[in-house]
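Open the model in your viewer and keep the selection tool at hand. The stops below say what to select and what is there.

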Amino acid sequence: MKRLDAGLRGDGPVSLLQLKAELARRLLKPCRLCERRCKVDRLAGKTGYCGVDKPRISNRFVHMGEEPDLIPSYTIFFSGCTFECLFCQNWDISQRETGTTLQAGAVARDIDEHFGDVKNINWVGGEPTPNLPFILDVLTMAKEPTPQIWNSNMYMTEEAMALLHGVADVYLADFKWGPGDCSKKYSRIHNYWEIVTRNHVLANEHAEIVLRHLVMPGHVDCCSRPVLEWIAGNLDTSKVIVNVMDQYRPEYKAPGIPGIDQRISESEFFEAYKLARNLGLKVT
Ligand code: SF4
């Protein structure tokens, strides 16, 4: 895994990272960090769909449960999310404002203390996107060039993607819904396919991607197949690893909702996994 581009830190009075942090702050008024484009002034403390007023860290620890190449990973969990997945396994932090507000300098010192002991810093949630200005502030203050993972639903605006260019060394990116209306029904997102495919292409131009495809029950034909075929046909797959995931559990509001109220079958998982392999994808 490559390290955060040293050129971002610079020697001049204002580094590129500082400039990015300032531009990210300006995206808060009105907020256009994600494609909900809520039109609220978050600099004035207003909240949009994600409910994030200021960054709240609900947990941080050295994670050993991520993909083998990425661990140990110092993982920082923010509360709040730009989606509302009705089956969210982390709903207690994604759908509620919980956690501690910390100063950027304190988080910078914290991540520097883990330098050498972990392979990367892993920004996640909920969703990291509503906290992009804070994360860039932290990185302007961190002294050590630890690689950065953007662990996300990939619903950022193009403006936010531009700021992540050169900052995110690896996108650990979800891609679960196909082009139909499943994303709208089960994650409350209207233009999911259009936005996340655009962002996967942008990420693929500049960084490595570990794409997580969670196989959903009864969604192989409408979601797994188009997702995997799109990856094979549209990305430079030499820079992409696909994790076909079988751990779907009906949590949060999912019990009783047809279409998401059961675990996947073994045959559904193997169908998706085999398809990924047959398409020539690097599968973890
Ligand atoms: S980050 Fe939050 S407030 Fe900003 S546009 Fe997205 S959902 Fe709305």
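Select residues 220–234, helix H8, together with residues 266–278, helix H9; in this predicted model the two helices pack at an angle of about 20 degrees, with their axes 9 Å apart. Angles under 35 degrees count as roughly parallel, so H8 is roughly parallel to H9. The crossing of H8 with H9 is right-handed.

Now show the side chains where these helices meet. On the H8 side, pick Val220, Ser224, Arg225 and Leu228. Across from them in H9 are Glu268, Glu271, Ala272, Leu275 and Ala276. Sorted by class, this contact of H8 with H9 holds 5 nonpolar, 1 polar and 3 charged residues.

Next, go to another helix pair. Select residues 104–113 for helix H3 and residues 132–141 for helix H4. Their packing angle is about 60 degrees, and 8 Å lie between the axes. H3 and H4 are therefore oblique to each other. Here, too, a handedness is assigned: H3 and H4 cross in a right-handed way. From H3, the contact draws on Ala104, Gly105, Val107 and Ala108; from H4, Phe134, Asp137, Val138 and Met141 take part. The contact of H3 with H4 comprises 6 nonpolar residues, 1 polar and 1 charged.

Hide the helices and turn to the strands. What is the order of the strands in the open sheet of 7 strands? The order is S1-S2-S3-S4-S5-S6-S7, and the pairing is mixed. Select 57–63 for strand S1 and 240–245 for strand S7: these stand at the edges. Each has a single partner strand, so one side of S1 and one side of S7 are left without a neighbour in the sheet. On average, neighbouring strands of this sheet are turned by 15 degrees against each other, direction ignored.

Inside the sheet, select residues 170–174, strand S5, and residues 208–214, strand S6. S5 and S6 run parallel and are joined by 5 bridges.

Finally, colour the chain by domain. The domain assignment gives domain 1 as 1–143 and domain 2 as 175–284. Taken over C-alpha atoms, the centres of domain 1 and domain 2 are 24 Å apart. Where the domains touch, 10 residues of domain 1 are in contact with 17 residues of domain 2. On the domain 1 side, the touching residues divide into 6 nonpolar, 1 polar and 3 charged.

Key
Residues numbered from 1 in each chain as written. Predicted model: local features only at pLDDT ≥ 70, side-chain atom pairs only at ≥ 80, totals over all residues. Axes fitted to C-alpha atoms, helices over the stretch in contact; angles between N-to-C directions. Helix = DSSP H or I, 4+ residues; strand = E, 2+ residues; numbered from the N terminus. Parallel < 35°, antiparallel > 145°, perpendicular 65-115°, else oblique. Left-handed = near helix turned anticlockwise from the far one by under 90°. Contact = placed C-beta atoms within 7 Å. Nonpolar A, V, L, I, M, F, W, Y, C, P; charged D, E, K, R; others polar. Domains from an automatic or database assignment. Pairing = 2+ DSSP bridges.
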